[in-house]
Amino acid sequence: MSHSWHDSREAQWDALRAWGERDVVDRGGESLLWLDAASVSRDMPLERSLALLPLYLAGCSRLVTLAGPTFAERLWCVIEVFTFLYMGGSLDRVD
């Protein structure tokens, strides 16, 4: 899941919850989400975070984006989407 830390937390939570409910219906079960905040420390040097990003995203079957007002303005968000696509993802696998 990719999101901007600068967008409304409440709006992102509402969007994620709505996506999860649709996903249960569409896929017949719950999905497993990788949250960068749980495994990439914001205190980690940027070079290390960037080096690990392709590994994380190559293992994802889909990329969920909570694309609020600042999403496209945040370089890290753009890099996450680009890296997902570069590592073999496709636009039809971006929610």
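Buried residues are those under 20% relative accessible area, exposed ones those over 50%, and partly exposed ones those in between, with a 1.4 Å probe and protein chains only as cover. By that definition, 28% of the 95 residues in the protein chain are buried. The model on display is predicted, and local features need pLDDT of at least 70, side-chain atom pairs count only at pLDDT 80 or more, and totals for chains, interfaces and linings use all residues. Residues are numbered from 1 along each chain as its sequence is written, and side-chain values use heavy atoms, with hydrogens and water left out.

**The whole chain**

Begin with the protein chain in a cartoon view. Its secondary structure comes to four helices and two strands, where helices (H or I, at least four residues) and strands (E, at least two) are DSSP runs numbered from the N terminus. Followed from the N terminus, the elements run β-α-α-α-β-α.

Next, display the C-alpha trace, which spans about 40 × 30 × 20 Å along its principal axes. Of the contacts in the protein chain with a separation of 6 or more, 66% are accounted for by residues 24 or more positions apart, contact meaning heavy atoms within 4.5 Å.

A surface view may follow. The protein chain exposes about 6500 Å², and carbon and sulfur atoms supply 59% of it. Accessible areas come from the Shrake-Rupley method with a 1.4 Å probe; for residues, only the protein chains shown count as cover.

Select Arg9, which is found in helix α1 (residues 9–27). Arg9 counts as exposed because its relative accessibility is 64%.

Now move to Asp23 and show its side chain. Is Asp23 buried or exposed? Asp23 is buried, with a relative accessible area of 4%. Side chains of opposite charge can pair when their charged atoms come close. A salt bridge is counted here when a side-chain nitrogen of Lys or Arg lies within 4 Å of a carboxyl oxygen of Asp or Glu, and the count comes to four salt bridges.

Asp23 forms one with Arg27, the closest N and O atoms being 3.6 Å apart. Asp23 and Arg27 are four residues apart in helix α1, so about one helical turn separates them.

Select Arg62 next, whose side chain meets that of Asp23 in a salt bridge (2.9 Å, N to O). Arg62 lies in the loop between α3 (46–58) and β2 (65–66) and Asp23 in helix α1, so the pair ties together parts that are 39 residues apart in sequence. Arg62 counts as partly exposed, at 24% relative accessibility.

The side chain of Arg62 also meets that of Asp95 in a salt bridge (3.1 Å, N to O). This pair links distant parts of the chain, with Arg62 in the loop between α3 and β2 and Asp95 in the segment after α4, 33 residues apart. Asp95, at 34% relative accessibility, counts as partly exposed. Show the four residues together: Asp23, Arg27, Arg62 and Asp95 are linked in a network of salt bridges.

**Helix α4**

Turn to Thr83, which lies in helix α4. Thr83 counts as buried because its relative accessibility is 9%. Which residues does Thr83 contact, leaving aside its neighbours within four places in sequence? Thr83 is in contact with Leu53, Pro54 and Leu57.

Then select Tyr86, found in helix α4 (residues 75–86). At 63% relative accessibility, Tyr86 counts as exposed. A search of the whole structure finds one aromatic pair. Phe82 and Tyr86 form a stacked aromatic pair, 5.8 Å centre to centre with 20° between the planes. Rings of Phe, Tyr and Trp (its six-membered ring) pair if their centres lie within 6.5 Å; planes under 30 degrees apart count as stacked, over 60 as edge-to-face and the rest as tilted. Phe82 and Tyr86 both lie in helix α4, four residues apart, about one turn of the helix, and both are exposed.

Phe82, Tyr86 and Met87 make a nonpolar surface patch of about 380 Å². Patches are made of residues with over 30% relative accessible area and no salt bridge; like charges are joined within 9 Å, and nonpolar side chains (Val, Leu, Ile, Met, Phe, Trp, Tyr) within 5 Å.
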